[in-house]
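Subject: Structure for you to look at

Hello,

Here is the structure I promised to pass on. Please open it next to this message, and my notes follow below.

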Amino acid sequence: MNDEQLRETIRRIISEELNKDDGGIPIGVSNHHIHLSEEDFATLFPGQKFELYRQLKQPADFAAKQTVDLIGPNGFQVNHVRLLGPARSHSQVEISRTEARQLNIDAPIRLSGNLDGAPSITVKSPNAEIQVQGVIAAKRHIHMSLADADKYGLKYGDIVKVEVRSKDRKTIFEDVVARPRKDFVTEMHIDTDEANAANVQSDTKAYIIQDDDNK
């Protein structure tokens, strides 16, 4: 079995396990993190390679052992920000809006990779310090397997309404972007601000509200 077949097997097993019950979509709470280009990684961690810390639910992605500190223009720091791998073509920092205010950075709410006009921030490792232009607060979205996208009648970029059924704080999120792809496991991603506001727990599920507004 080659690497591509292994990833596909992992994706299928995880997807079947997560979606075999009541049709609810698992929720992944996205803490602050950073993606680095090969060049920026080599500057911050000379002579090192990405070291696996934990595999993420999306089979192609993983949390690395390496972390960095973020330093805002006001001197405020967010420390021990986890690096996610593999390397990207462009470095990108994802923080919550609360952290953006603490750092005095106007981080726009964007999908990953949409960095036009995004502000820069100082990124520091034990070895070096660089400026990364590409700080965003992640727009809430749902990674989707192609089978689930077909089930819901959704394509990439469609906007849906989602009900998060948490204890004591059932919440409806609008403007949720569907992101189906062949290698994706179905999982909704929200940041820590949104998760805390909706009282999301480890077993909390999300449910797409199928109505005319989703078309």
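Let me start with F50, which is partly exposed, with a relative accessible area of 21%. For the wording here, buried means under 20% relative accessible area, exposed means over 50%, and partly exposed is in between, with a 1.4 Å probe and protein chains only. F50 sits in the loop between α2 (38–44) and β3 (52–55). Helices (H or I, at least four residues) and strands (E, at least two) are DSSP runs, numbered from the N terminus. From F50 to E38 the C-alpha to C-alpha distance is 9.9 Å, and the two are twelve residues apart in sequence.

Before you go further, a word on the basis of all this. This is a predicted model, where local features need pLDDT of at least 70 and side-chain atom pairs count only at pLDDT 80 or more, while totals for chains, interfaces and linings use all residues. Residues are numbered from 1 along each chain as its sequence is written, and side-chain values use heavy atoms, with hydrogens and water left out.

Now the chain as a whole. Its secondary structure comes to five helices and 15 strands. Of the 215 residues, 47% are buried. Taking contacts between residues at least 6 apart in sequence, 67% join residues at least 24 apart. The chain exposes about 11500 Å², and carbon and sulfur atoms supply 46% of that area; accessible areas come from the Shrake-Rupley method with a 1.4 Å probe, and for residues only the protein chains shown count as cover.

Next, the barrel. Six strands make a closed barrel in the order β1-β14-β11-β13-β12-β15, with mixed pairing. From one strand to the next, the twist averages 45°, where axes are lines fitted to C-alpha atoms (for helices over the stretch in contact) and angles run from 0 to 180 degrees between N-to-C directions. Two strands pair if DSSP finds at least two bridges between them. As background, strands of a sheet pair through backbone hydrogen bonds, either parallel or antiparallel.

V164 stands opposite T171 in β13, and E163 has I172 of β13 as its bridge partner. β12 is also joined to β15 (residues 205–209) by five bridges, again antiparallel, with V162 partnered by I208.

β12 and β13 form a hairpin with five residues between them. D168, in the loop between these strands, has a positive phi of about 70° although it is not a glycine. D168 counts as exposed, at 72% relative accessibility. N104 is another non-glycine residue with a positive phi, near 60°. N104 lies in the loop between α3 (97–103) and β7 (109–110) and counts as exposed, at 53% relative accessibility. The peptide bond from G85 to P86 is cis, with omega near 5°, and P86 lies in strand β5. For context, most residues other than glycine have a negative phi, and most peptide bonds are trans.

Where is the open space? The largest pocket holds about 940 Å³. Of the 39 residues that line this pocket, the closest to its centre are S30, H33, L56, L84 and H189. β5 (77–88) is among the strands that each supply at least two residues of the lining, and β5 gives the most, with seven residues.

There is also one cavity of 30 Å³ or more, with a volume of about 60 Å³ for the largest cavity. Its lining includes H32, H33, E94, E99 and D191.

On a 1 Å grid over the protein atoms alone, a cavity is a set of points where a 1.4 Å probe fits but cannot get out, and a pocket is an open set with protein on both sides within 12 Å along at least five of seven lines; lining residues have an atom within 4 Å of a point. Grid points are joined across faces, edges and corners, and a volume is the space filled by probe spheres set on the points.

Best wishes

Conventions
Contact means heavy atoms within 4.5 Å.
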